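These are my notebook entries on a structure that I had not examined before. I record what I looked up, in the order in which I looked it up.

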Amino acid sequence: MEATYHEPDVLDDLCPARQVLELIADKWSVLIVYALGEETRRYNQLQRMIGGITPKMLTQTLRRLERDGLVKRVVYPVVPPMVEYSLTPVGRNLLKLIAALCQWAEDHLADVQAARLTGTQSAS
């Protein structure tokens, strides 16, 4: 029996594209891709840049991004070991969208805060 090809549709609960969406919809994934930008960075640099991320979450998210082909990890054979992270071509392509999303969040912060304040007052 021949498999039938269906166009990806993230609104379909059985569509595998949802797994990709879940990867990039995670707050820490977005912030790591944004922090890497066009530069190669070391683990400690990323940890200092991304406020509030725990070492465990940074490690887990970097591993997931590497596994899914968005981040490249290079280990240099020195003592102590030196590890650098950078975006792959797929990650750099995603960066364009994430940079726009982050800019939107910064540009509309006041609007969202005002709506929350209004919503809180009207619910009282």
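**Entry 1. Terms and conventions.** I take helices (H or I, at least four residues) and strands (E, at least two) as DSSP runs, numbered from the N terminus. The model is predicted, so I note that local features need pLDDT of at least 70, that side-chain atom pairs count only at pLDDT 80 or more, and that totals for chains, interfaces and linings use all residues. Residues are numbered from 1 along each chain as its sequence is written, and side-chain values use heavy atoms, with hydrogens and water left out.

**Entry 2. The loop between strand 2 and strand 3.** I looked up proline 80 and found it in the loop between strand 2 and strand 3. The peptide bond that leads from valine 79 to proline 80 is cis, and its omega is near -5°. For background I note that most peptide bonds are trans.

**Entry 3. Helix 4, its length and its sides.** I then asked which residues of helix 4 are buried. Buried means under 20% relative accessible area, exposed means over 50%, and partly exposed lies in between (1.4 Å probe, protein chains only). The buried residues are Leu58, Thr61, Leu62 and Leu65. They cover an arc of only 100° around the axis, which puts them on the same side of helix 4; the arc is that of the directions from the helix axis to the C-beta atoms. The general rule is that an α-helix has 3.6 residues a turn, so residues three or four places apart point the same way. On the face turned away from the buried side of helix 4, I found the exposed residues Lys56, Arg63 and Arg67.

**Entry 4. What covers helix 4.** Here contact means heavy atoms within 4.5 Å. The cover over the buried residues of helix 4 includes helix 1 (17-25), helix 2 (27-36), helix 3 (43-49), strand 2 (71-76) and strand 3 (82-87). Threonine 61 counts as buried, at 0% relative accessibility. Apart from its neighbours within four places in sequence, threonine 61 is in contact with Asp26, Trp28, Ser29 and Ile32.

**Entry 5. The end of helix 4.** Glutamate 66 also has its place in helix 4, but counts as partly exposed at 32% relative accessibility. With neighbours within four places in sequence set aside, I found glutamate 66 in contact with Val71 and Arg73. Just after helix 4, glycine 69 takes a positive phi of about 85°. Most residues other than glycine have a negative phi.

**Entry 6. Serine 86.** I placed serine 86 in strand 3, where serine 86 counts as buried at 16% relative accessibility. Neighbours within four places in sequence aside, serine 86 is in contact with Leu36, Glu39, Thr40, Leu70, Val71 and Lys72.

**Entry 7. Cysteines.** How many disulfides does a search of the whole structure find? I counted as a disulfide a pair of cysteine sulfur atoms within 2.5 Å, and the search finds zero. Cysteine 15 is buried, with a relative accessible area of 10%. Cysteine 102 is buried as well, at 11%, and lies in helix 5. Cysteine 102 and leucine 31 are 71 residues apart in sequence, yet 8.6 Å apart in space, C-alpha to C-alpha. Beyond its neighbours within four places in sequence, cysteine 102 is in contact with Val30 and Tyr34.

**Entry 8. The largest pocket.** On a 1 Å grid over the protein atoms alone, a pocket is an open set of points where a 1.4 Å probe fits, with protein on both sides within 12 Å along at least five of seven lines; lining residues have an atom within 4 Å of a point. Grid points are joined across faces, edges and corners, and a volume is the space filled by probe spheres set on the points. The largest pocket has a volume of about 180 Å³. Its lining includes Val30, Leu31, Leu94 and Leu101. Helix 1, helix 2 and helix 5 (89-107) each supply at least two lining residues, and helix 5 gives the most, with four.
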